[in-house]
Amino acid sequence: MSVLSQTQLDQLARKLREDYQALVREVRDELENSGNQHRIDLLNREPGDSGDESLANALADFNLTILDRHIDGMRDIEAALQRIRNGEYGICTDCGDAVTFPRLMAYPTAKRCIVCQEQREKLYAQEGRPKM
């Protein structure tokens, strides 16, 4: 059972829904104003070279990365809203202690208390970093 009051849960749920709608707008805008026109312009420029093509590909990859980040954020919000519905929101998934209201206001999709999150970051600090 969550240690958050109903008022706090309502406030956090409202914040999550607002954040979700903002991400939906950003994804929509990104899709509508994607770099495809810029890429087409680069590829149609005379004379075209491999540098232009590389830049166009890098821009396309960048746009996809931004979209992926927004979609991951939307999934995190959906999961947080599901935890609210299940009565599991505000409870650390690692230790079962409370995730504080100030932490949730700053980061409403938080799944861990600050102590467990710091431990996780130390443990997995090198994950995702390229190795030589």
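The protein chain contains 5 helices and 0 strands, where helices (H or I, at least four residues) and strands (E, at least two) are DSSP runs numbered from the N terminus. Read from that end, the elements follow the order α-α-α-α-α. The model is a predicted one, in which local features need pLDDT of at least 70 and side-chain atom pairs count only at pLDDT 80 or more, while totals for chains, interfaces and linings use all residues. Residues are numbered from 1 along each chain as its sequence is written, and side-chain values use heavy atoms, with hydrogens and water left out.

Turning to the chain as a whole, 30% of its 132 residues count as buried, that is, under 20% relative accessible area with a 1.4 Å probe, protein chains only. Its accessible surface (Shrake-Rupley method, 1.4 Å probe) comes to about 9,300 Å², and carbon and sulfur atoms account for 51% of this. Of the contacts (heavy atoms within 4.5 Å) between residues at least 6 apart in sequence, 56% join residues at least 24 apart.

Beyond its neighbours within four places in sequence, R103 is in contact with A110, R112, C113, I114 and Q117. R103 is buried yet has no salt bridge, meaning a side-chain nitrogen of Lys or Arg within 4 Å of a carboxyl oxygen of Asp or Glu. The nearest side chain of opposite charge, E121, is 6.3 Å away, with Lys and Arg counted as positive, Asp and Glu as negative, and His and the chain ends not counted.

Conventions: Buried means under 20% relative accessible area, exposed over 50%, partly exposed in between (1.4 Å probe, protein chains only).
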